[in-house]
Amino acid sequence: MRQDNGDRDERPGSTPEPFEVFYLREYPKVVGLLHGLLGSRLVAEELAQETFLVAYRDWDRISRLDDPRAWVRKVAINQRGSFLRAYLRQQTRERDAVARYEEDSIKLADDHAEVWQAIRTLPLLQAQVIALHYYEDYSVAQVAATLGRAPGTIKAQLHHGRRKLARLLGAETDRWSSL
Amino acid sequence: MNLDDRLRAASKALKESSVAQIDAASRLPEILRRTGQPLDRPEDHERIPQPAPQRECSR
């Protein structure tokens, strides 16, 4: 299991992956992660683009990190100031938009859309923890590193988040789940 | 289906739908342009490599 969050362990001896290859593979997945948290495809794409722009500007270094994938997810999910600015721009656009939802969503089956809608009602930290744990398949240690929190905090947030989701979705929790 | 299974299924569906529905290539020229290194020749666009096969990450 990986314990780092991509910020260390540069690999000077390996051949870095070209940015374009990395970007084309990872960008849609990062958009999906942000869409799961925000519910807006336009905002998710804008924020993901900003993240990859930062990555490209420092690609010589980032490409040599042990896990560039983790680096972009950490930047994407922690850019709160940018979240706010993007939201404000989005809301401005919405004033003139008539049928926004159809254009601004990644299309999902109703059951899956209902799950993500429920996740978005959680407090931000709980939603981030749930998204990283399930969407990215991150361990508690990896979530903790990505969000800059203690593993105990992440375990607690995961527990509380799951309980709230179980109530919202009418689902059963499995106490032997992935912790 | 219990909660864990629903969360994993919804996550898998979102990731697959994102890969299928999001057009990454259309935004790449803007990223390169904003860093001052535009892809300004058609032959450069054609040489953009395709993504490698997806690797599943493990916990």
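Visitor: W116(A): buried or exposed?
Guide: W116(A) counts as buried, because its relative accessibility is 2%. Buried means under 20% relative accessible area, exposed over 50%, and partly exposed in between, using a 1.4 Å probe and protein chains only.

Visitor: What kind of model is this?
Guide: This is a predicted model, in which local features need pLDDT of at least 70, side-chain atom pairs count only at pLDDT 80 or more, and totals for chains, interfaces and linings use all residues; side-chain values use heavy atoms, with hydrogens and water left out. Residues are numbered from 1 along each chain as its sequence is written, while chains are lettered from A and ligands numbered from 1 in the order in which they are written.

Visitor: Back to the rings, then. How many aromatic pairs are there over all chains?
Guide: A search of the whole structure finds nine. Rings of Phe, Tyr and Trp (its six-membered ring) pair if their centres lie within 6.5 Å; planes under 30 degrees apart count as stacked, over 60 as edge-to-face and the rest as tilted.

Visitor: How do F22(A) and W59(A) pair up?
Guide: Their pair is tilted, at 4.8 Å centre to centre with 40° between the planes. F22(A) is in helix α1 of chain A and W59(A) in helix α3 (residues 59–62), 37 residues apart. Helices are DSSP runs (H or I, at least four residues), numbered from the N terminus. Both F22(A) and W59(A) are buried.

Visitor: And what about W116(A) and Y135(A)?
Guide: They form an edge-to-face pair, 6.3 Å centre to centre and 80° between the planes. W116(A) lies in helix α7 of chain A and Y135(A) in helix α8, so the pair ties together parts 19 residues apart in sequence. Y135(A) is also buried, with a relative accessible area of 2%.

Definitions and conventions. Helix = DSSP H or I, 4+ residues; strand = E, 2+ residues; numbered from the N terminus.
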